[in-house]
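Please read them with the structure open.

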Amino acid sequence: MTGDDRGDTKLMRTLSLPEVVLSGIGVILGAGIYALIGEAAATAGDALWLSFVFSALIASFTGLSYMELSSMFPRASAEYEYTKHSFGSNLAFMTGIMVILSGIVGASTVALGFSGYFRGIFDLPVLLISTVLILLLSALLFVGIKQSAMVAIVFTLIEAGGLVGIILIGLPYIGSVDYFYMPLGMAGVFQAAALIFFAYQGFEEIVKLSEETKNPENTIPLGLLIALSVTILLYVLVSVSVVSISGWEAVAGSENPFAMIAGEVFDGGYQVFTVIALFATANTVLLMLLSSSRIIYGMAKEGRLPAVLSRVHERTRTPAYAVLVAGFLSLIFLSLGNIRDVASVTNFTLYFTFTVINASVIALRFRIPERRRPFKVPLSFGRLPFIPVMGIAACLFFLFQMDPVILMIGVIMTAVAFAGAKYFGDV
């Protein structure tokens with residue numbers, strides 16, 4: 001591999017608004033909605049749509065905070081950059097590590113999900129399929145951001161088409177169930193909301209494309225808003241359609257509920273939606289590896305990770321070493337457990353990160369009120385922005401809806417990130 005040993009080669013600004021929006025929609029729409037909706041239905045019942053609405057509240061509150069911060073600091077290091085300006089480098093390092101872990105562990109988990117679908121076509125070992133997928137997608141990320149974005153756009157259109165297909169299939173069945181039936185009451189709805197928040201993971205990844213996007217101060221916030229709005233609408237409509245077709249009991253716990261439903265409605269439906277799920281999961285792995293490599297690159301560029309990770313390949317103009325590390329760590333995490341547990345661990349990192357992000361908006365309103373903000377979160381009492389306060393409250397509420405074992409694992413991860421902040425403080 002030849003690279004730029006001077007480390008002064010910059011990322012290429014090639015992404016426009018449509019590419020940013022479709023890349024964002026692609027990573028949000030991936031494995032979460034395709035793999036976890038069955039698990040969520042088991043606790044939310046026919047009120048599944050309500051769980052998606054509650055999860056959307058967290059995503060919306062925090063999404064607005066990301067929009068303001070990304071317009072102030074359009075950097076690939078994203079969360080690290082925002083937190084550093086708000087609370088200092090140690091908490092910034094912790095937040096950056098949590099974000100990197102969420103992307104890497106999420107990519108490994110979704111790669112295993114891809115293998116499960118792939119085995120329905122070719123009976124090969126799960127570990128082999130997952131490994132080959134991560135290696136191929138890492139190679140694509142090395143080749144170039146433009147090529148990666150084009151692949152993501154094609155895959156996004158396919159997986160979005162699958163969701164639209166489920167909505168259309170469900171239209172004749174609308175009104176067939178009680179959409180407020182909750183087998184476990186509101187507690188079950190909240191538990192499902194805490195789980196399926198994994199399905200919204202990805203809107204925050206858009207900000208990591210800031211250094212490869214044209215006019216990022218305006219393009220990134222607008223792209224984030226559009227991508228989040230489209231996915232929230234699709235999720236709510238899909239959840240209504242799923243329970244309308246066969247009721248929550250039929251899909252509860254299913255690993256591939258869309259394929260199962262489609263197979264009941266028309267011949268070949270199971271096979272068609274299995275293939276669509278392959279595109280959806282592959283797309284999510286690609287975009288999670290993309291975002292993880294960019295924040296590794298950004299933190300290294302800031303001097304908080306080894307400098308070699310900030311090197312940009314002079315021919316492909318991609319952060320080659322950061323891509324290599326993200327792919328390698330994802331291969332290591334392939335040995336982790338089932339998608340529900342790992343999704344919950346990923347959610348812990350997201351709740352932690354989003355609490356810090358919302359708090360950063362509040363802190364910066366007081367610390368540097370004069371700084372230019374091309375986008376500003378609406379609704380404030382004096383300098384205190386109301387929506388980020390609601391975002392913090394929502395994150396903390398759903399954090400404590402999680403299983404105690406998951407909370408313990410999350411606390412251990414936080415402690416490791418804290419130790420890393422101290423150890424790498426002088427890198």
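1. Helix 6 (residues 126–143) and helix 12 (residues 269–301) have axes that come within 10 Å and cross at roughly 55°. That makes helix 6 oblique to helix 12. Angles under 35 degrees count as roughly parallel, over 145 as roughly antiparallel, 65 to 115 as roughly perpendicular and the rest as oblique. The axes are lines fitted to C-alpha atoms, for helices over the stretch in contact, with angles from 0 to 180 degrees between N-to-C directions. Helices are DSSP runs (H or I, at least four residues), as are strands (E, at least two), numbered from the N terminus.

2. On the basis of the notes: this is a predicted model, where local features need pLDDT of at least 70 and side-chain atom pairs count only at pLDDT 80 or more, while totals for chains, interfaces and linings use all residues. Residues are numbered from 1 along each chain as its sequence is written, and side-chain values use heavy atoms, with hydrogens and water left out.

3. Helix 6 passes helix 12 in a right-handed crossing. A crossing is right-handed if the near helix is turned clockwise from the far one by less than a right angle, and left-handed if anticlockwise. From helix 6, Leu133, Ile134, Leu137, Ser138, Leu140 and Leu141 meet Ala282, Val285, Leu286, Leu289 and Leu290 of helix 12. Contact means heavy atoms within 4.5 Å. By class, this contact of helix 6 with helix 12 has ten nonpolar, one polar and no charged residues. Here Ala, Val, Leu, Ile, Met, Phe, Trp, Tyr, Cys and Pro count as nonpolar, Asp, Glu, Lys and Arg as charged, and the others, Gly among them, as polar.

4. Now helix 5 and helix 6. Their axes come within 8 Å and cross at roughly 120°. Helix 5 is therefore oblique to helix 6. Helix 5 passes helix 6 in a right-handed crossing. Ala111, Leu112, Phe114, Ser115 and Phe118 of helix 5 make the contact with Val126, Ile129, Ser130, Leu133 and Ile134 of helix 6. The residues divide into eight nonpolar, two polar and no charged.

5. The largest nonpolar core has 145 residues. Such a core is a set of buried Ala, Val, Leu, Ile, Met, Phe, Trp, Tyr and Cys residues joined through side-chain atoms within 4.5 Å. Ile33, Tyr34, Phe52, Val238, Phe258 and Val285 have the most contacts inside this core. Its largest share, 17 residues, comes from helix 12. Not counting residues up to four places away in sequence, valine 238 touches Ile33, Ile37, Leu163, Ile166, Ile167 and Phe258.

6. Glycine 106 sits in helix 5 (residues 89–118). Is glycine 106 buried or exposed? Glycine 106 counts as buried, at 0% relative accessibility. Buried means under 20% relative accessible area, exposed over 50%, partly exposed in between (1.4 Å probe, protein chains only). Leaving aside neighbours within four places in sequence, glycine 106 is in contact with Leu101, Met288 and Thr346.

7. Proline 388 is found in helix 15 (residues 386–399). Proline 388 is buried, with a relative accessible area of 0%. Beyond its neighbours within four places in sequence, proline 388 is in contact with Ser65, Asn358, Val361, Ile362 and Val377.

8. Please check leucine 379, in the loop between helix 14 (339–367) and strand 1 (380–381). Its phi is near 65°, a positive value in a residue other than glycine. Leucine 379 counts as exposed, at 57% relative accessibility.
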